Amino acid sequence: MKIERTGNPFVDMSLCSLTALAEKDCINKLTLNDFNEILKKHDWAEINKSLKCFTMVFGNNGPLFQSAYKGKNLELYRELLTSLYNSVLDMEGRHGQTCEICGKGFDFDINIIWEKALNKFELKSKDKKYMGRDFFPLLGSIGNDAQILPSASRTLNVCPFCLFVVNFLPVGTMLLRGRLVCLESNSERLMVDMVKDIVKENIGIYMGGRREIIGAKQGAKAFIEKLLKMFRGLIRDKKRYQLPEHSCLYVWQFSNSGTGADCDLIEIPNKSLSIIKEMSEHGGDFLDEVYNLIRKDKKDRFLESLQDGKDLKELYPYKKDKGVSPRLFSYYQQRVCGISPESLKSAYIIAQRIIMNCSPKEKPLWQKSDVFYDSKGNTRKNQARKVIVDLIEEGLMSYENYTELFPASLNRPLTVESKGWDLIMYYLYNFEGVKEIVTETGYQPILHSQKTDLRIKEFAEMYFRYYVLDKKKGHEKFKKEIIDKMKETNIWWLKDNYAKMAEVYEGKLLKLEYDEWTEWCHDENGNIRVSELMFQLRLAFANLYRDYINKMKGE
């Protein structure tokens with residue numbers, strides 16, 4: 001018989017367990033003789049009875065735990081497992097029925113081997129044995145199972161191969177957020193290598209006389225650590241493991257207990273798997289930090305954060321805790337959150353300038369996790385904004401750097417996302433530990449619908465040309481009278497000069513007319529909202545001023 005994946009997650013996961021037990025690399029290298037050797041090598045009645053997860057897979061009503069079998073449970077289970085294996089040997093060429101799990105043809109009646117097993121130990125059956133979830137997970141039974149569909153006229157046809165194989169599911173499974181997992185992937189090697197590690201640990205649990213389940217009361221932490229250790233183990237064993245480009249991992253979370261039997265599916269996409277693999281490849285202190293980050297994640301959001309590209313508060317400083325190292329912080333922001341290395345560099349040089357220019361007495365006031373959100377947050381934001389203007393004038397930042405660090409979140413009125421302040425806060429704590437912000441391999445920027453309002457640049461260019469060139473007031477006066485005083489400038493200055501530009505120029509993006517003015521500066525309720533608009537104009541002016549000086553110098 002050719003052994004291969006069936007498409008049923010319970011059977012395929014069980015085949016991965018058997019592949020691990022047979023010390024093979026892939027499922028199609030398994031043989032029926034391997035099954036026989038596995039049966040001989042271990043007492044599976046003892047192992048499955050010892051592993052607490054067995055009853056979570058098959059319930060308490062099967063031959064191994066049913067109290068009606070007068071202490072003959074172990075013997076009855078062994079006999080049933082052997083009979084199923086012998087029935088598998090007999091399957092070839094039989095086509096009386098079609099298995100609705102794997103599609104193989106077979107001629108087999110569970111009642112025959114069940115009656116023989118009972119008779120061998122002088123036990124009597126009360127009625128006909130129906131196929132149910134005590135033989136196969138989540139399989140409804142006509143007899144008394146609440147999970148069977150009301151319109152069903154019979155139970156499913158299941159071949160002895162599937163019934164035999166699925167008994168090795170418990171040794172290859174673990175808990176994820178309180179429910180058992182069943183793994184599927186379009187990369188068979190990923191499945192097999194993951195299950196191998198679980199099988200090894202579960203056998204160790206049995207040998208140590210314990211019954212606990214891997215992952216109990218750990219949320220998703222144990223599962224993520226298993227993935228990290230699996231990839232790390234392949235590297236340690238010097239096995240080249242190239243994750244297929246489109247591979248992903250499907251995690252079936254299921255429960256087969258009581259009346260609450262159900263099943264959910266989680267997809268771990270290629271990007272998340274690639275990130276976990278990369279983290280394991282770093283090794284050393286970096287990997288230790290990743291493990292620590294997972295364990296600190298009390299709300300158990302690490303896996304979803306990888307999948308959704310979201311930030312984790314555990315990365316950031318809090319009180320005396322400086323958060324993760326700059327190396328891990330930079331990696332996570334780029335690979336998970338899609339933040340560009342340029343934005344991280346901008347946040348770093350802003351934080352560095354703030355700390356270098358403040359007094360020893362002020363320094364602790366800047367190194368607080370709520371530095372931009374406490375009662376003095378707006379004051380500190382304004383101080384930081386002044387630093388940004390200076391850095392742009394000096395050529396250490398550009399207007400584009402700012403708009404990438406603070407991308408627009410709304411177009412009317414212009415507002416920006418707040419994460420830039422969080423990045424600056426991180427580097428206020430950790431600026432001394434930054435050696436270099438490298439561009440991570442595989443970095444993919446998050447595409448914002450609009451990083452900034454391009455009309456700002458156009459208005460700034462118009463006004464700069466008008467003031468410096470047309471009116472011939474010069475760039476030095478422009479800096480002194482416009483840039484340096486922009487903090488004191490109000491909406492009326494903007495409105496007056498908007499009208500002046502309408503008399504002199506014609507915009508490409510900026511329509512110099514009343515309706516555009518209203519849309520640019522007012523919210524949907526007609527209220528004036530120009531704080532961010534005025535600040536970005538100031539930055540655009542500073543950018544133009546610096547470029548003008550550089551041009552004069554011939555740079």
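Student: In β4, which residue is the bridge partner of L176?

Tutor: The partner is R179 of β4. Keep in mind as we go that this is a predicted model. L176 belongs to strand β3, residues 175-176, and two bridges join β3 to β4 in an antiparallel arrangement.

Student: What do β3 and β4 form, and how many residues lie between them?

Tutor: They form a hairpin, with two residues between the strands. Have a look at R177 in the turn, where phi is positive at about 55°.

Student: Which strand pairs with β4 over six bridges?

Tutor: That is β5, residues 249-255, and the pairing is antiparallel.

Student: Is β4 mostly covered or mostly open?

Tutor: Mostly covered: of the seven residues in β4, which spans 179-185, seven are buried.

Student: Let's turn to helices. How are two packed helices described?

Tutor: By the angle between their axes and by the distance between those axes. Take α14 (residues 341-357) and α16 (residues 377-393): their angle is about 110° and their axes are 10 Å apart. Angles of 65 to 115 degrees count as roughly perpendicular, so α14 is roughly perpendicular to α16. The crossing of α14 past α16 is right-handed.

Student: Which residues meet there?

Tutor: From α14 come I349, I350, R353 and I354, and they meet A384, V387, I388, D390 and L391 of α16. By class, this contact of α14 with α16 has seven nonpolar residues, no polar ones and two charged ones.

Student: What are the angle and the axis distance for α19 and α20?

Tutor: Helix α19, residues 454-470, packs against α20, residues 475-483, at about 120°, with 9 Å between the axes. That angle makes α19 oblique to α20. Here the crossing is right-handed. On the α19 side, the contact uses Y463, F464, Y467 and V468, while α20 supplies H475, K477, F478, E481 and I482. The contact of α19 with α20 divides into six nonpolar residues, one polar and two charged.

Student: How far apart are S17 and K200 in sequence and in space?

Tutor: They are 183 residues apart in sequence, and 9.7 Å apart in space from C-alpha to C-alpha.

Conventions. Residues are numbered from 1 along each chain as its sequence is written. This is a predicted model: local features need pLDDT of at least 70, side-chain atom pairs count only at pLDDT 80 or more; totals for chains, interfaces and linings use all residues. Side-chain values use heavy atoms; hydrogens and water are left out. Axes are lines fitted to C-alpha atoms, for helices over the stretch in contact, and angles run from 0 to 180 degrees between N-to-C directions. Helices (H or I, at least four residues) and strands (E, at least two) are DSSP runs, numbered from the N terminus. Angles under 35 degrees count as roughly parallel, over 145 as roughly antiparallel, 65 to 115 as roughly perpendicular and the rest as oblique. A crossing is left-handed if the near helix is turned anticlockwise from the far one by less than a right angle, and right-handed if clockwise. Contact means heavy atoms within 4.5 Å. Ala, Val, Leu, Ile, Met, Phe, Trp, Tyr, Cys and Pro count as nonpolar, Asp, Glu, Lys and Arg as charged, and the others, Gly among them, as polar. Buried means under 20% relative accessible area, exposed over 50%, partly exposed in between (1.4 Å probe, protein chains only). Two strands pair if DSSP finds at least two bridges between them.
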